[in-house]
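Here is a short note to read beside the structure. It starts with one residue and then turns to the chain as a whole.

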Amino acid sequence: MEKSAGTTPEERGSFRRLLLSPTLMDQAQGSATEATPVGIWADSFRWVHGPQVSGVHSYWSMRARNRPVNRGLRIDYFLASPALVSGMVPALVDAFVLDDPPEHGGFGGSDHCPVGAHISVPQGFFGRAG
C-alpha cells in the first residue's frame with residue numbers, strides 16, 4: 001500500500017520526524033513557562049500492546065468495502081510524552097481503538113473509529129483536593 005494516502009514514503013517520513021521531535025516537559029512542577037525539550041514521542045498503542053499486534057485499525061475504505069474484512073490502516077494515534085511512558089506520575093495505563101464492528105453487535109458504519117488512552121493521575125496531582 002505504499003502509494004495509498006497515509007502510506008507514501010513522504011508521509012511516513014514526516015510522521016517519523018514528528019515522533020522524533022522534542023517534547024516539552026515542565027522543569028518546575030507544572031510551570032508551563034519553564035518547559036524544556038526532553039525526548040521523543042511514543043505511539044501509545046504500540047507502547048502498551050507491542051509491535052506484534054496486527055489487525056487493529058482506525059480507518060477502513062468504505063469505497064473498497066474494507067471494513068467487513070478488516071482491511072484497514074491505523075492512522076489515528078494517541079501520542080505520549082516520554083514522562084507518560086517512563087513510569088513516572090501521571091502514567092500511561094492503556095491505549096485502545098474503539099472499534100464497534102457489526103459482528104460484535106455494533107453499528108460499524110463509519111470509515112473511522114476513535115482512539116484513546118487511560119492515564120493514571122493521582123488525587124491532588126494538579127494541586128486541588130478531591
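Which backbone nitrogen does the side chain of Ser61 reach at 3.5 Å?

1. The model is predicted. In this model, the side chain of Ser61 reaches the backbone nitrogen of Arg63, and the distance is 3.5 Å.

2. Ser61 also has a polar side-chain atom 3.1 Å from the backbone nitrogen of Ala64.

3. Is Ser61 buried or exposed? Its relative accessibility is 17%. Buried means under 20%, so Ser61 counts as buried.

4. Leaving aside residues up to four places away in sequence, Ser61 touches Asn66 and Arg67.

5. Now the whole chain. The protein chain contains 3 helices and 8 strands. Read from the N terminus, the order of these elements is α-β-β-β-α-β-β-β-α-β-β.

6. How much of the protein chain is buried? Of its 130 residues, 27% are buried, and Ser61 is one of the buried residues.

7. The protein chain exposes about 9,000 Å². Carbon and sulfur atoms supply 56% of that area.

8. A last point concerns contacts along the sequence. Take the contacts in the protein chain between residues at least 6 apart in sequence: 52% of these join residues at least 24 apart.

Definitions and conventions: Residues are numbered from 1 along each chain as its sequence is written. This is a predicted model: local features need pLDDT of at least 70, side-chain atom pairs count only at pLDDT 80 or more; totals for chains, interfaces and linings use all residues. Side-chain values use heavy atoms; hydrogens and water are left out. Helices (H or I, at least four residues) and strands (E, at least two) are DSSP runs, numbered from the N terminus. Buried means under 20% relative accessible area, exposed over 50%, partly exposed in between (1.4 Å probe, protein chains only). Contact means heavy atoms within 4.5 Å. Accessible areas come from the Shrake-Rupley method with a 1.4 Å probe; for residues, only the protein chains shown count as cover. A polar contact is a pair of N or O atoms within 3.5 Å; within protein, one must be able to donate a hydrogen and the other to accept it, and residues adjacent in sequence count only if both atoms are side-chain atoms.
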